[in-house]
Amino acid sequence: MRVKEERILERLAGSAETPANLSRRMFVGAAALASAGFAASPALAQDRAEQKAGRTPPSLSDLGPENKTLLKGNPNSNQPPFTDHGNPGPIWFSFDLAPKRMQGGGWTHQVTQRELPTSKDIAGVNMRLTAGSFRELHWHTADEWAIMLTGKARVSVMQADGKMFIDDVSQGDLWYFPAGLPHSIQGLEDDGCEFLLVFNDGAFSEDDTFLLSEFLAHTPPEIVQKNTNWSRETFDQLPATELYIFEAPLPGSLEQDRKFLGKFLETENKYTFHLTAMSPTLTTPGGEIRIVDSENFPVSKNIAAAMVTLKPGAIREMHWHPDASEWQYWIQGSGRMTVVTTGAKARTMDFNANDVGFVPAVAGHTIENTGTEDVIFLEMFKAAKYQDVSLNQWIARMPNSMAIAHLKLPLKTIRSAPQDKAVVLKS
Ligand code: MN
Ligand code: MN
């Protein structure tokens, strides 16, 4: 007979085969859990204690059908740590589950408030352009922050004063296009590119942008004629429907395009940023963090970002952000995140490359690298400036009596914790 079935039968029969010390441990565990805010019926308290001791309690056994493929990648969702409780709402989605819109010349898919309903501040789009292909010239109501994941592109944005910024971006480079300013993205040789776009509006949709083609196609032809001096026949030659993503010849050199712009080339405002060329804001034995916000990337007025690297076993320390929710994009590796919100609600889930994570505004959270390679992920905020509050730093600042009163621990133990913000802690 399987062990878990034996345990169920034991419990049904009220059998006391469990050693006394285990019962005692269970009682102590149950009491601790009850004081930690868990509603503890005796059976639930016993199951929580079993979980705490690293065993699968009868209440978590799963006798019915299971999606083994999903469960393999989500052990923490299937068998949550005993500290999980209640439901703080969705904290995970993956671009690999988002429908792909394929066009000649590339594809796009998005993780917005429609896919991840908790994320009201930020939406993300993942896009591929083959060499030469354009994302049609467009503009939108949200600001656009972007990172090149692989390959190269030429990007341009025109300011309201008529000056245009144009640059080439490659892996690890960022761009930022403020709301309302028209812009372009074109894949370059050898094989185009793939990038991530982040918008400061959870309801943003990449299928709902203002397009050059549609502005022209849906204005009466005689007005287009007056506006452009083009003939009535020319109107009929314009694209009648959106181009969106489409193939085009590769452009000439960046220098040629800049020369064409001449005095209308914008050189003061820099709309691109070389993130991976930037030295880390902080390096620790467990990893590093690069912070990019309006302080070092001035055009990035409404979106702040951090790229975090965690070595195997390392954690992004327990912290929260005082001013914003956090939207994550996982670039590399695998790990798990725990989010703790109000009312003792806590959830732990596993994350892999191409996944999106979400942390409600000001909720405590931590991320652990559970894999064998470095984890690299982005923390994105609808904010001008990056800010976080470190739990360790806060405890370190608590006067002794205040700290002892709250943590119920000897002072020596309390002060053995890191005494300052570490951002990343090694295992
Ligand atoms: Mn755009
Ligand atoms: Mn965070």
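1. The manganese ion (ligand 2) is held by four residues: His319, His321 and His365 through NE2, and Glu326 through OE, at 2.0 to 2.2 Å. Donors here are N, O and S atoms within 2.8 Å of the metal (3.2 Å for Na, K and Ca), and sites may look incomplete since water is not among the atoms. Along the chain, the donors follow the spacing H-x1-H-x4-E-x38-H.

2. Glu326 belongs to strand β18 (residues 326–332) and His365 to strand β22 (residues 364–369), so this pair ties together parts 39 residues apart in sequence. Strands (E, at least two residues) and helices (H or I, at least four) are DSSP runs, numbered from the N terminus.

3. This is a predicted model: local features need pLDDT of at least 70 and side-chain atom pairs pLDDT 80 or more, while totals for chains, interfaces and linings use all residues. Residues are numbered from 1 along each chain as its sequence is written, ligands are numbered from 1 in the order in which they are written, and side-chain values use heavy atoms, without hydrogens and water.

4. Are Glu326 and His365 buried or exposed? Glu326 is buried, at 0% relative accessibility, and His365 is buried too, at 4%. Buried means under 20% relative accessible area, exposed over 50%, and partly exposed in between (1.4 Å probe, protein chains only).

5. By class, the lining of the largest pocket has 11 nonpolar, 8 polar and 2 charged residues. Nonpolar covers Ala, Val, Leu, Ile, Met, Phe, Trp, Tyr, Cys and Pro; charged covers Asp, Glu, Lys and Arg; the others, Gly among them, are polar. Strand β22 gives the most to this lining, with 5 residues.
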